[in-house]
Amino acid sequence: MDVIRRGILLAAAATLVPSYAAGQGSDTVKVGLILPLTGPFASTGRQIEAAARLYMAQNGSTVAGRKIELIVKDDTGTPDITKRIAQEMVNDKIAVLAGFGLTPLALAVAPIATQAKVPEIVMAAGSSMITEASPFIVRTSFTVAQSAAPMAEWATKNGIRKVVTIVTDYAPGIDAEKAFSEPFVKAGGKVDNVRVPLRNPDFAPFLQRVVDAKPDAVFVFVPSGVGSIFMKQFVERGLDKSGVRLIGTGDVTDDDILNGMGDVALGVITSFHYSAAHPSAANKAYVEGYKKLNGTRPNFMSVGGYDGMRMIYEALKKTNGNASGDALLAAMKGLSFESPRGPVTIDPATRDPIQNVYMRKVERVDGELWNVEFATTPSVKDPLHK
Ligand code: PHB
């Protein structure tokens, strides 16, 4: 075959085969889900994996002519492992990196996402700085500050003047402390800020300070899964019967562990973007579908995973199956959808979700404990982004 004819044939073949920049040479789009599936934060991984699989079971595994392959890996909650897995996935032509159960895990992968131009979908971690770490990060979860700020307003309006804040001592805890304390103090309140280590937390000595200080309320932030230890120690110090109110972001009364806490949790007021008791048709269907597949109640982490898969699907539809990082990222910015939590828009400027924040109170309904919503702050943006 002469060179010219071969050139023409190759050019013709190239127009027949769509040129995909990621997952090249195949119809498959690989989505890597990196999660803590063992260790102290395993519940986050379990919830997100279950929800991602639910989304795929409900919506099929082919989008815009491309087959979605979900690859799930356990990083045990250790940043070095998250990073190694992400690099291996990138070497293996992954189109999207997703998951990230804690802030340090999300941050560890940011340089890889930037360098490889692969979208990093943060389905869990909640400190404000995360989306600033790479232009390829898009978040479907929440920011802790987004929930903490409306609580300051509620506390001020509900006769709470003196608060001790107790937060886990890492980025999202410090965000919670700041987003609550600054507006609360501005409105005339008094705060004492206390921080507790992330690993093997012992709240007892800090709770003793609360017993001595006799504030109107304790404001707490602990990451998903840690709420049970906090509540146990709160009760051991007699604080449940002391008249000191317990308020916080909804991480502490996480739906995954709420029923296990028992009646001591009754009356706890939290602000948050998701409750399994959210009274919408979309959420009722979600909770039922999740329970059928997994036997347990979904929590807020699961919703970040479910909507993360939704975002990948919707973006692929918009790009007609082009899974290059740049194309997917452009398609994800500004996406709006009705989530089980309520309406969500991905802020095109910050790549964070703009969403409602609900005030909730723990109540017993039909024999189970639920975070029952009683007020809504609509369309809340992250308050710590400049
Ligand atoms: C985080 O590490 O960013 C994080 C983890 C669990 C939460 C909130 C924030 O519940």
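Student: Which strands make up the open sheet, and in what order?
Tutor: In this predicted model, the open sheet has six strands, in the order S2-S3-S1-S4-S5-S6. The pairing within this sheet is mixed.

Student: And which are the edge strands?
Tutor: They are strand S2, covering 62-63, and strand S6, covering 137-139. Each of these pairs on one side only.

Student: What about S4 and S5: parallel or antiparallel?
Tutor: Strand S4 (residues 96-99) and strand S5 (residues 120-122) pair in the parallel sense. Three bridges connect them.

Student: Which residue is the bridge partner of glycine 99 in S5?
Tutor: Valine 122 is that partner.

Student: Which residues come nearest to the ligand?
Tutor: There are 16 residues around the ligand, and Thr103, Gly126, Tyr170, Ser224 and Asp251 come nearest.

Student: What is the make-up of the shell, in nonpolar, polar and charged residues?
Tutor: The shell around the ligand contains 10 nonpolar residues, five polar ones and one charged one.

Student: How much of the ligand does the protein bury?
Tutor: The ligand taken alone exposes 280 Å², and the protein buries 100% of that area.

Student: Back to strands. Which residues does S14 cover, and how does S14 pair with S11?
Tutor: Strand S14 spans residues 353-365 and pairs with strand S11 (residues 269-272) in the antiparallel sense, over four bridges. Within this pairing, serine 271 stands opposite methionine 359 of S14.

Student: How many bridges join S13 to S14?
Tutor: Three bridges join strand S13 (residues 342-346) to S14, and the two run antiparallel. Threonine 345 stands opposite isoleucine 354 in S14.

Student: What lies between S13 and S14?
Tutor: These strands form a hairpin with six residues between them. In the turn, arginine 351 has a positive phi of about 65°.

Student: How many bridges join S14 to S15?
Tutor: S14 and strand S15 (residues 368-380) run antiparallel and are joined by 10 bridges. Arginine 360 stands opposite glutamate 373 in S15.

Student: Which residue in the turn between S14 and S15 has a positive phi?
Tutor: Aspartate 366 does, with a phi of about 50°. Two residues separate S14 and S15 in this hairpin.

How values were computed:
Residues numbered from 1 in each chain as written. Predicted model: local features only at pLDDT ≥ 70, side-chain atom pairs only at ≥ 80, totals over all residues. Heavy atoms only, no water. Near = heavy atom within 4 Å. Areas by Shrake-Rupley, 256 points an atom, 1.4 Å probe, with all protein chains shown as cover. Nonpolar A, V, L, I, M, F, W, Y, C, P; charged D, E, K, R; others polar. Pairing = 2+ DSSP bridges.
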